[in-house]
There are 2 protein chains.
Amino acid sequence: MKKIAIDMMGSDNGPLVLLDACKSYLKDHEDVSFLLFGDEKILKEATSGIDRIEVRGTESIIPMEIKPLDFLRSKDSSMYQALAAVKSKEADAVVSAGSTGGFLTGATILLRNIPGVLRAGLCSPFPTKVKGKGTVILDVGANNYNTAEEVYQYAIMGRIYAKSVLGMEDPGTWVLSNGTEEGKGTDEVVGAYKLMKENASLNFKGNVEARNVLDGTHDVVVTPGYAGNIFLKSSEGMASMMNEMIKASFKRNLLTKIGYLFSSKGFKEMKTIMDYRRFGGAILLGINGVVVKAHGNSNEYAFYNAISVADTMIEKNIIDQIQQEFNHD
Amino acid sequence: MKKIAIDMMGSDNGPLVLLDACKSYLKDHEDVSFLLFGDEKILKEATSGIDRIEVRGTESIIPMEIKPLDFLRSKDSSMYQALAAVKSKEADAVVSAGSTGGFLTGATILLRNIPGVLRAGLCSPFPTKVKGKGTVILDVGANNYNTAEEVYQYAIMGRIYAKSVLGMEDPGTWVLSNGTEEGKGTDEVVGAYKLMKENASLNFKGNVEARNVLDGTHDVVVTPGYAGNIFLKSSEGMASMMNEMIKASFKRNLLTKIGYLFSSKGFKEMKTIMDYRRFGGAILLGINGVVVKAHGNSNEYAFYNAISVADTMIEKNIIDQIQQEFNHD
């Protein structure tokens, strides 16, 4: 029986939406149980009589912005306790839709890096224009600065993730840069290029420019965290801007509304392809534990998928795989 | 009579498309003349009998990638000669659709920075989701590294550009970062925040995250060049991906094609709003001269607009304005 700790508090939509996801997941998976951390009264009431769910009452919620010392003082929070359950090996994984900063800080402090890993990186799968084909990108913002060697390590970890969770056979790796030629980019990018090129097992393909990352031909793309965060949010921003414009285009007048009736099937498929919720969230790779960060505004579908990512990561022994890779070096 | 030097070579679509833009521009503007650099035979033949166009034959074309020393050795190239015409004050501005790297290198070497300007920055106006409202962003990739003070200077220059060319009255300025709170981002970003905050004339508003830059409420956004380049290309990449998907959605079957007939008006407006060619290209700000880089794949419309940007920059004495601002300091 796999046990997954869930931080039920701090999401935009409240604990009951997350709970619905947990309940659905239990129905579909007989080998999973949950340890829920959060408001005892709400959660006990809502879960009474359900098997494979245990509730642990907690007193506080980690705010959106928190300093490391303040996190350490927030032992009574749902997030702290959920992470601590992984540390004590009571749970095999932890999922949270709460504060990203708090979760990254807490995971790093409580669970620590896998020996040999210099810096954990936040790994986010992206939808691409090719239906069903994802791209794995890291670091998308756990760090402001990364050395060349850290970026190189992201390629090793990103490949393990792409193979195990996304089922890619021999994923190619790329470095995000501002030009495709070797030597383009910052020192860290140029350095990572050199290190990756020397490691034949990485299936290294070279630099990729930001405009081509999501064309469906790139499996794993690594980058220092600051640029990765700009990439993530620029892409999100443009996608949401265009989605709004598409809606406005159809809502313009009666004719355009009729147009929508005819063409809606095509646009629904587009929406499905672009739906980041399919991927369930981001994963902090390099930490001693399965640590999944769901979007703050996750609905049931998105949170279900975040749980599924955690489940798959346990199933495939991702942490062991990373440990072996780094002990081997 | 304003005289604009044009590098006619090295664009994706060949010199005749650029020439069409020049001819249209001459028709619409009686106070402009052109100095065209490129293939003498083609250009002389195509311009015979046209007033206010002078052709200067050149022998070579600057390749996409070129080192500074090689640029200096390419004196017989159209790009070198077009830049040299500004240096010698024979022309008031230069426009090129050729190699971006070559053009930035050449402009910096031949024309040099305005005294007091630490680093020139590539400034690109972006369309936003609000019709007719642009956002000015710099540096979008002239530099891999920028100090806090350089980023601060971009705000000064970006404001002059936004006021003079885009007609904004008192443009607000923002720093691109990975969070809105003061203190978020790399050291250069945090440093630029502090410097901008201290200068009341900048109408400084704080940090902006990449996902909100194009929401139509941000006038001037400054950033170190590497992150700016990732922003530019991520946004372009997502926009082109979604445009392809919109097309595919409408082309799916007969019904969706009928849907397009009804809703096409709305989508044409969206296309107009998103059309970056309206802005004509990017401007290297901080250089002793009006230096406009048109997109490599500019069509007549885009190149016409690039010329128009150069014309407006001459008209508004942007270089003098920047010089005064920096001498004043």
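These are my notebook entries on the two chains of this structure and how they meet.

**Entry: the model**

I am working with a predicted model.

**Entry: the interface**

I started with the contact count. I found 54 residues of chain A in contact with 54 residues of chain B. Next I looked up the area. The size of an interface is often given as the accessible area lost when the parts come together. Here chain A and chain B bury about 5100 Å² between them. Carbon and sulfur atoms account for 67% of that area.

Which three residues supply more of chain A's buried area than any other three? I noted A:Tyr226, A:Met242 and A:Phe262, which supply 13% of what chain A buries against chain B.

I counted ten salt bridges between chain A and chain B. I looked at one of them, where the side chains of A:Lys233 and B:Glu209 meet at 2.3 Å, N to O.

Helix 8 of chain A gives the most, with 20 residues. By class, I found 24 nonpolar, 16 polar and 14 charged residues on the side of chain A that touches chain B.

**Entry: the sheet of chain B**

In chain B I followed the strands. Eleven of them form an open sheet, and the pairing is mixed. The order is 3-2-1-4-11-10-5-6-9-7-8.

Strand 4 (residues 93–96) and strand 11 (residues 290–293) of chain B run parallel, joined by four bridges. In that pairing, B:Val94 has B:Val291 of strand 11 as its bridge partner.

Helix 6 (residues 148–164) of chain B touches strand 5 (121–127), strand 6 (134–138), strand 7 (173–177), strand 9 (220–222) and strand 10 (282–285). The direction of helix 6 makes about 160° with that of strand 9 of chain B. Helix 8 (residues 225–251) of chain B also packs on the sheet, touching strand 5, strand 6 and strand 7. The direction of helix 8 makes about 30° with that of strand 5 of chain B.

Most residues other than glycine have a negative phi, and most peptide bonds are trans. I looked for exceptions.

The peptide bond from A:Leu138 to A:Asp139 is cis, with omega near -5°. I placed A:Asp139 in the loop between strand 6 and helix 6 of chain A. In chain B, the bond from B:Leu138 to B:Asp139 is cis, with omega near -5°. B:Asp139 sits in the loop between strand 6 and helix 6 of chain B.

Where does A:Asn203 lie? I found A:Asn203 in the loop between helix 7 and strand 8 of chain A. A:Asn203 is not a glycine, yet its phi is positive, about 50°. B:Arg52 also has a positive phi, about 60°. I traced B:Arg52 to the loop between helix 2 (40–47) and strand 3 of chain B.

Key. Residues numbered from 1 in each chain as written. Chains lettered and ligands numbered in written order. Predicted model: local features only at pLDDT ≥ 70, side-chain atom pairs only at ≥ 80, totals over all residues. Heavy atoms only, no water. Contact = heavy atoms within 4.5 Å. Buried area = accessible area lost by both parts, 1.4 Å probe. Salt bridge = Lys/Arg side-chain N within 4 Å of Asp/Glu carboxyl O. Helix = DSSP H or I, 4+ residues; strand = E, 2+ residues; numbered from the N terminus. Nonpolar A, V, L, I, M, F, W, Y, C, P; charged D, E, K, R; others polar. Pairing = 2+ DSSP bridges. Axes fitted to C-alpha atoms, helices over the stretch in contact; angles between N-to-C directions.
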